[in-house]
Amino acid sequence: AEVEVLHYWTSGGEAKSAGQLKEIVKEAGYGWKDFAVAGGGGENAMTALKARVIAGSAPTAAQIKGPSIQEWGKEGVLANIDEAAIAGKWDEALPKVVSNIMKYQGHYVAAPVNVHRVNWMWANAEVLKKAGVNTMPANWDAFFDAAEKIKKSGALVIAHGGQPWQDATVFESVALGIGGVDFYKKALVQLDPASLTGPTMIKTFETLAKIKTYIDKDAAGRDWNLATAMVINGKAGFQFMGDWAKGEFAAAGKVPGKDYLCAAAPGTDKAFTFNIDSFVMFAQKDADAKKGQLALANAIMNPKFQAIFNLNKGSIPVRTGVPKTRFDDCALKSMDDLDSTSKNGGLVPSFAHGMAIDSAKAGAFQDVIAKFMNSSMTPQAAVQALAKAAKAK
Amino acid sequence: MSAIRNTNDASKANKVLHATRATGVAPSLATPGKNKTAQFSALAALADIWLPRLVLSPTIIASLIFVYGFIGLTAYLSLTESRMMPNYEFAGFSQYAALFEIDRWWVAAANLGIFGGLFILFCLITGLLMAVLLDQKIRAEGALRAIYLYPMALSFIVTGAAWKWILNPGLGLEKLMHDWGYKNFSFDWLVDSDMAIYTVVIAGVWQSSGFVMALFLAGLRGVDDSIIKAAMVDGASLPTIYRRIVIPSLRPVFFSVLLILAHIAIKSFDLVMALTAGGPGTSSDVPAIFMYQFSFTRGQLGLGAASAMMMLATVLAVLVPLMYMETKGAAHGR
Amino acid sequence: MASLSIRNVRKVYPNGAEILKGIDLEIEDGQFLILVGGSGCGKSTLLNMIAGLETVSEGQILIGNQCVNNVPPKSRDIAMVFQSYALYPTMTVRENISFGLGIRKVPKEEQEQIVSRVAETLQMTHLLDRKPAQLSGGQRQRVAMGRAIARDPALFLFDEPLSNLDAKLRVEMRAEIKLMHQRLGTTIVYVTHDQIEAMTLGDKIAVMKDGVVQQFGSPQEIYDTPNNLFVAGFIGSPSMNFLRGKLVQHNNGLAFTLLHADRSTLLPIPAEFIDVAKLTAWQDRDIILGIRPEHVTDAVSARCAETPEGYHPSAVDCMIELTEPTGPDTIAFTWINGIRATCRTHPRSEAAPGQRMALAFDLSKAVLFDPETELRIS
Amino acid sequence: MASLSIRNVRKVYPNGAEILKGIDLEIEDGQFLILVGGSGCGKSTLLNMIAGLETVSEGQILIGNQCVNNVPPKSRDIAMVFQSYALYPTMTVRENISFGLGIRKVPKEEQEQIVSRVAETLQMTHLLDRKPAQLSGGQRQRVAMGRAIARDPALFLFDEPLSNLDAKLRVEMRAEIKLMHQRLGTTIVYVTHDQIEAMTLGDKIAVMKDGVVQQFGSPQEIYDTPNNLFVAGFIGSPSMNFLRGKLVQHNNGLAFTLLHADRSTLLPIPAEFIDVAKLTAWQDRDIILGIRPEHVTDAVSARCAETPEGYHPSAVDCMIELTEPTGPDTIAFTWINGIRATCRTHPRSEAAPGQRMALAFDLSKAVLFDPETELRIS
Amino acid sequence: MAAKLPTLATPSFVQGLTLGRVLIYVLLILCAFYYLAPLYVMLTTSVKSLEEIRSGNLLSIPLNPSTYAWSKAWGTACTGVTCEGLAPYFWNSLKMAVPAVIISSLIGSINGYVLAHWKFRGSHIVFTALMVGCFIPFQVVILPMARVLGMLNLANTTSGLILVHIIYGMAFTTLFFRNYYVSVPEELVNAARIDGAGFFTIYRRIIFPLSLPIFMVCFIWQFTQIWNDFLFGVVFGGSDAQPVTVALNNLVNTSTGVTEYNVNMASAIIAALPTLGLYLVAGKYFVRGLTAGAVKG
Ligand SMILES: Nc1ncnc2c1ncn2[C@@H]1O[C@H](COP(=O)(O)OP(=O)(O)OP(=O)(O)O)[C@@H](O)[C@H]1O
Ligand SMILES: Nc1ncnc2c1ncn2[C@@H]1O[C@H](COP(=O)(O)OP(=O)(O)OP(=O)(O)O)[C@@H](O)[C@H]1O
Ligand SMILES: [Mg+2]
Ligand SMILES: [Mg+2]
């Protein structure tokens, strides 16, 4: 039998990492039918998936994450993979926050692949040194001090790509840094109206407005990796981006700690915004396919795979029991922080990457933030717009 | 059709006609089976009446299902609370109410107006201009025509990146001009919220105007030579002839062109997606993208359907009067 | 070969226009029927109905006594020649001719025989392998005829077959069609709007106007005694002159008042040839005198015209406005009774524009019309 | 008004084809010149060169004594009427007529005056606000003429203006053009391939073939004494009969041998009218006798034809193959010297197909041609 | 219907190198630059190395041209878990486009034949109604179409894609053919009917042989549309029948990986080669075919 996997890891390192999964599934005796659909953070993939489900020929598994898993669960098209989870002792291996996301009505329907930390801040060591910035700023005030220095040195302060998801990535790091974990949860997970329009949110937008002034005008539409390249080339000092940026640094032959620096975004040291890639299993008609599905689930949770995959991709394994040997410093810090925050409650879902709220609201939020970033909208107007967006259905 | 006289042939024929008569060749030249066919006549008559309809019916049925049926379905979905997947519970016009509340929708609608209008206008102008210029017995007409036409062959998935670079101030034209020493040159529409939609026009015109040119060129080639001669004798200069006589007589071509351009403009999705993805922010959003994202990415199928219905309504509002005018104009002899 | 009857045939197009308003025509086996009339009068419509290309709204069409109203074109045993020739542009002449035979499953060898026989008859053997685009107008016309002949149908239909040819070729092809009819003896229905073709080709002419047959008869009948103004004006080239004037008492008979240049003359109506009894009611009333150009001629021509014994055309002095020397005759125009009248004079009669000339009016062949109903009185 | 001189004009198209091979024509102010010839002989090319729409490869064109070789069309003070009328399809009749005036910056009121005057002259005031597509063929033709007249040019050029009209309308419009010429007195160059138009309209006719003028002269001159076979056959309808035969000694004079039906007859050449001196060299040699249909007629017509004093046409008994009653005359066809000869007989002459009939050959108007060079001998 | 290409009368005396003509050429060449610029960027980028792209100017001439990117794009670039370049998808596209183009053109042709020469009561309305199909936004039809394909068991197959393209191509092909056939004289059809030919015989023997010019137009238009289609390909192509545009999109788009611009550009050009080739080879038939009647309103 074959497993058909819908995913949007299509290029370079990602594709190679996913290739590992294929190998493991093959070893288990199943064929791999690759259903790759890239583009726009999975937009096209989701469209294709819906068409497949409606046509009655859902793939074995599809790359879906966050609350969307629950939405699909409601449609009654997902497969129960408790059998694999029990055998693989997933409950023990996964942090509770994560395992909850993978379950629908108490049953596992999805297998997680990796954890990305989104609230990273990357910096070019040399640019910082030249500007006289010696440490990575730990809070926003410190950041703006450093920013002024870098600006004076002639380099661009922040490399940014003006795409809605990148805007949102910066926004959530700012919100987390300014308001802290509780505020973040209240505003961006529970959508508490008071928090959404409160002074903290206004301050968040004010900070964002200030950040805007350190971004070049050409940022609009720039791909994140081009922004990263600006940091790599020393054209810019900082970038706010998830840990996948490491891949670019690595590809350019840069060494963490020496050529480039990684740190949590200002004020978010004690928090961890996670973005978990996972494969959701769809109900299959024939028994053979179901077996393949379980084999796939097993393969995903296979520690060996998780190690190789995450080494390639810059993220960290989602489960315990994966050897940490070959991971770099940034990744190790990530793992430690995951551990600690999952215990102290600082582990929060990334809103920018669809982990926090359903897609309609997330999309509406993104629209507001993108508009704020690209117009002279006031923070006050922005928070009102956010509150309205929170009502999107 | 030139009637070439051939007196010679005719008189020869005369001789032979005469000769045949003289030698008394039997008048009956052929005797195909005459009554064989008669019995099938009723059947054949029916066949000729029903076959055309029969042949057309698959298309009609397909069109009824796949165009009208699906439009109907979408119309119905727009009246439901469908979210990620279709849901057939009737919910009234709430989706439309919600749609009209969304800023981004109005931005998209306005952008369609700007883009559609300018796109069609500039395609017409450049297409017509190039067609007229190419019609002046140009030496390398074939090569130039191919150059103008080739963008039509490329999908925007292909060319979007190239355009993005060219228009990007930090990478493309502006940088080039700066490198060449024109420091004051500024061309940053792509990253300017107010101007981004115009870059879409630039790329759109690039892609489609060659095709428009081909259509107009074909039209020009069909204009009666003697009309132009008449105008020249009347004393009109070449530009006047084109402006007053040739171009007005291309009216049917204009109609075809408008039809095709309107279709491209309204469906433009790849183009905007590849160039600006609706950005910066949502400033260059268009209804097609809006609808796609809301329907498929954001799980607001009902809202997406409502926006689709609005799109269709706009199309009809623009097109029906256009078609009406054209048929009326044609009936009255342009 | 077959006779053709058209019985009270009407045609209403789907858009509601009534194009034919009850047509009754009847021709015998082997006759040559001409449908003639102005543009848009419904000639082609009628022909298409005979061919089965249009449905019959009402009435009956019979070919050889069989009602063909519901018979499709291919089963009617007809052949048709079109104004534009309608040659199949992608086929060679040979294929054009054998196409209909092939469809009718005539064996290949027989097809070839027929094609070569037809080609020989029409002197186009050397054209057989050309495409229509490589032929001249006359050649195309001939191929179109060949295609029709090859089928050896019971009925030939021609829709203005010559009107795309130039004048000279038209004269030649006209003779050829007439010869073909003489030889094959097929029944023919021929549509034209050229009255010369109508006159020269047909055994019977149906003059149509607005979907109604105005007159149906032999060419000479129609030429000599047209039913009404329309027919009179339509048949004959140049057209008959219609002089509007009064009938007055004159020398125990009637006379027609003629106004020309600046004077007025009386033209006596020859009682021998025109039924004066019918005319007395018209005395002192407006009437229209129809007289053909060849009956208004110069003295020389008049003298030589074969007028009936004992009748002498009246000569009237007229001012010549314009002359058109066509070679064998000269057409002269003069101004009579408020119209520009056409006269046919001898080329050497010295009619010159701006000069006066004696014109002889041969009233023995004139016809009189009621100006109200436009019908012929006598 | 202007005279027109065409001096040794040649035209070589860029593709190397030599279309005009040295044309020499000269007409005076106010004359009506007809260019006639077969299709493709270069008539339109020459006209376009006069209009300035084509360059002159060699030679000179003078309008009113000014060489216009390098003058663009708009400055030549000409107007042109095209076969396809070339009306501007998007403009109303009014706009069509005033377009050229507007271009020439004629004041608005004056334009309006001119338009209404022209419209009145051509009786189309009620059509002024229609578009060309809403007009009939004849109306379009009239508009095209109106457009030309409105400009009041020194020279009118017509390119087959009537050939898209049907026969009847053509006759009418022909007269109208001739009248217009009489009234306006403008110089006109008129292209046609219809020999009737050529004969009736022109002051001068230039018969062209293959880019060479075959004969240039008055209509009568060309009709009576055609230079060569081509001109003789081209001008006149029906065409002249060309009888190939031998000249033999006969009764002290010459005679032409005639083969008809199954017998042979000798036709004496009337020495009074034909220069026999020139002919003696041709004795016993093949020669072509050209005789027009109106000179081969029935006894009655012959008696009445205005033959010169003292000459009596020879009557020959012939078998009639086909007749075409056109109304005023009947065209009969018979088989003489291996060709189908055309005769023009009186409608009441009772010529009937398949019967014998005495035909009178009026040789006083015949012309003789050298079969080799095809030139006229006498 | 000889393929006649009359040129607009520009009498010869206007020719020669006058100022006006120089201006015309200058304008035409300027336009040509506008049209060629993106192609230039794509071509030069595709032969540059990544270093050169990162550091240099986009419009600069490549210093060390190499075909590395081209061979990678064709044979080894990753478009998912598999890294076989565009080649396999290229064939998918061909397998889809060729039948879809041919079938939709044939259907359009016979529809056009009916609508132009076998009019029946209401055929005009049918034609107008069909035209609405030109304007339906494709996003609208995705989900219902998916259901239909699922029911027909054609989901994720090339046949399914072909079907979809045929259905939504029919409106345009019918329009093209109908407008062309209107200019074929009615008398031709009548002559054939009298000769005894039936509906299909007339089409096959008379109309079809006349249709080459318009088939060229239709082929070019449909091939361009279908080859370049992305939406249907991605949604209905599944994993087995993905056309080259989807592969190209996969290759070009990366959410969290390194972007190889030279490979992207090379792939882009490769993916466009068939359509480009078609335009170059058949471009002149395109204008000719349009002249022959497709543009009459
Ligand atoms: N399909 C149709 N529907 C409605 N009216 C039609 C149709 N076909 C022809 N007509 C009208 O019927 C009338 C007669 O047309 P028809 O073609 O028979 O004329 P005609 O006598 O052949 O004229 P012509 O000499 O110009 O060929 C015209 O007024 C024409 O407009
Ligand atoms: N632009 C051109 N280049 C080359 N040859 C041409 C051109 N225009 C016309 N000809 C040729 O010149 C010849 C004369 O053409 P022209 O139009 O003068 O003929 P015409 O006498 O007007 O014929 P018709 O009676 O058919 O109008 C034709 O053989 C034609 O093919
Ligand atoms: Mg007709
Ligand atoms: Mg000409």
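1. Helix α1 (residues 43-51) of chain D gives the largest share of the shell around ligand 2, 3 residues. Helices here are DSSP runs of H or I with at least four residues, strands are runs of E with at least two, and both are numbered from the N terminus. The shell holds 13 residues, and the closest are S39(D), G40(D), K43(D), S44(D) and T45(D). A residue is near a molecule if one of its heavy atoms lies within 4 Å of it.

2. A note on the basis. This is a predicted model, in which local features need pLDDT of at least 70 and side-chain atom pairs count only at pLDDT 80 or more, while totals for chains, interfaces and linings use all residues. Residues are numbered from 1 along each chain as its sequence is written, chains are lettered from A and ligands numbered from 1 in the order in which they are written, and side-chain values use heavy atoms, with hydrogens and water left out.

3. Which atoms of chain D lie by the oxygen atoms of ligand 2? A polar side-chain atom of T45(D) is 2.5 Å from an oxygen atom of the ligand. A side-chain N or O atom of E160(D) is 3.0 Å from an oxygen atom of ligand 2. From G42(D) it is a backbone N or O atom, at 3.0 Å from a ligand oxygen. The protein covers 63% of the 640 Å² of accessible area that ligand 2 has on its own. Accessible areas come from the Shrake-Rupley method with a 1.4 Å probe; for residues, only the protein chains shown count as cover.

4. By class, the shell around ligand 2 has 3 nonpolar, 8 polar and 2 charged residues. Nonpolar means Ala, Val, Leu, Ile, Met, Phe, Trp, Tyr, Cys and Pro; charged means Asp, Glu, Lys and Arg; the others, Gly among them, are polar.

5. Now ligand 1, on chain C. 13 residues surround this ligand, and the closest are S39(C), G40(C), K43(C), S44(C) and T45(C). Helix α1 (residues 43-51) of chain C gives the most to the shell, with 3 residues. By class, the shell around ligand 1 has 3 nonpolar, 8 polar and 2 charged residues.

6. The side chain of S44(C) places an N or O atom 2.5 Å from an oxygen atom of ligand 1. A backbone N or O atom of G40(C) lies 2.7 Å from a ligand oxygen. For the side chain of E160(C), the N or O atom is 3.1 Å from an oxygen atom of ligand 1. The protein covers 61% of the 630 Å² of accessible area that ligand 1 has on its own.

7. Which chains make the most contacts? Among the 8 pairs of chains that touch, chains B and E do. Contact means heavy atoms within 4.5 Å. Chain A does not touch chain C, and their nearest C-alpha atoms are 46 Å apart. Chain A has no contact with chain D either; their closest C-alpha atoms lie 48 Å apart.

8. The contact of chains E and B takes 89 residues from chain E and 88 residues from chain B. About 8500 Å² is buried between them, 78% of it on carbon and sulfur atoms. Buried area is the accessible area (1.4 Å probe) that two parts lose on being put together, summed over both. Across this interface the rule finds 15 residue pairs in polar contact, both residues at pLDDT 80 or more. A polar contact is a pair of N or O atoms within 3.5 Å; within protein, one must be able to donate a hydrogen and the other to accept it, and residues adjacent in sequence count only if both atoms are side-chain atoms. On the side of chain E that touches chain B, helix α1 (residues 19-46) of chain E gives the largest share, 17 residues. That side has 68 nonpolar, 18 polar and 3 charged residues.

9. How many salt bridges join chain E and chain B? The count is 0. Between chain E and chain A the rule finds 1 salt bridge. K33(A) and D240(E) form it through their side chains (3.5 Å, N to O). A salt bridge is a side-chain nitrogen of Lys or Arg within 4 Å of a carboxyl oxygen of Asp or Glu.

10. Chain E and chain A bury about 2800 Å² between them, 54% of it on carbon and sulfur atoms. Their interface has 9 residue pairs in polar contact (both at pLDDT 80 or more). On the side of chain E, α6(E) gives the largest share, 5 residues.
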